[in-house]
Amino acid sequence: YMLKSAFCLILLYLLYRLSISKETFHRLNRFALLGILAVSLIVPLIQLTVEKPTEVHHTISSIEELILLYGSSEFLSGEFVEQPTNAFTPLHWALLIYLLGMLFFTGRHIYSFIRMFLLLKRGKVERLDKHTRLIIHDREVPPFSWFRYIVISTKDLEESGREILIHEKAHIQHRHSLDLLIADVFIFFQWFNPAAWLIKQ
């Protein structure tokens with residue numbers, strides 16, 4: 001399922017890049033990217049039944065058979081040789097690498113969230129409006145928004161505060177933090193897939 005979903009994500013992202021990626025209508029781009037993520041989850045679950053197997057059906061079946069085969073045997077000298085039950089097969093190694101990658105990126109995201117929450121907690125808090133809070137830091141921090149919070153340094157606020165606040169409030173109004181969280185969930189499971197990273201970017 002994960003390999004099919006990853007392949008679907010790459011294919012849809014390439015179609016997006018070739019078609020509407022240069023459009024200046026940001027709402028269209030946003031829904032297209034979120035749609036790509038949703039479709040790549042759903043398509044692998046769809047099973048098509050055909051009366052006569054096609055070449056594509058044969059190819060996919062062959063790939064699935066090979067993956068299953070590597071879980072129990074090894075191709076050697078043109079013959080399949082059964083492995084001892086405790087042997088580490090290529091499929092086991094692939095699964096181990098995949099899980100280690102998930103663990104690494106999960107840890108990295110947790111570390112980033114901790115740093116961000118510390119920035120939210122340690123700054124001077126001001127109320128911008130009913131829903132938005134401004135977090136001001138004396139030291140230099142790059143301005144960013146996270147849900148209803150805007151983080152900014154005193155220097156940036158004094159030099160170009162109005163432009164930055166307008167920009168970050170637009171992110172909050174359109175709930176772009178939620179988009180980033182959805183993209184992060186995909187990266188947890190498809191950290192090996194460059195399309196997942198490009199879509200978040």
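In strand β6, Ile 150 is the bridge partner of Leu 134, where strands are DSSP runs of E with at least two residues and helices are runs of H or I with at least four, numbered from the N terminus. This is a predicted model, in which local features need pLDDT of at least 70 and side-chain atom pairs count only at pLDDT 80 or more, while totals for chains, interfaces and linings use all residues. Residues are numbered from 1 along each chain as its sequence is written, and side-chain values use heavy atoms, with hydrogens and water left out.

Strands β4 and β6 pair in the parallel sense over five bridges, pairing being assigned if DSSP finds at least two bridges between two strands. The open sheet has four strands in the order β3-β4-β6-β5, with mixed pairing. Because β3 and β5 stand at the edges, each with a single partner strand, one side of each is left without a neighbour in the sheet.

| Strand | Residues |
|---|---|
| β3 | 124–127 |
| β4 | 133–137 |
| β5 | 144–146 |
| β6 | 149–153 |

Helix α5 (residues 154–173) packs on this sheet and touches β4, β5 and β6, contact meaning heavy atoms within 4.5 Å.

Elsewhere, the axes of helix α4 (residues 90–122) and helix α6 (residues 176–189) come within 8 Å and cross at roughly 150 degrees; axes are lines fitted to C-alpha atoms, for helices over the stretch in contact, and angles run from 0 to 180 degrees between N-to-C directions. The residues making this contact include Tyr 98 and Phe 105 of α4 and Leu 181 and Asp 184 of α6.
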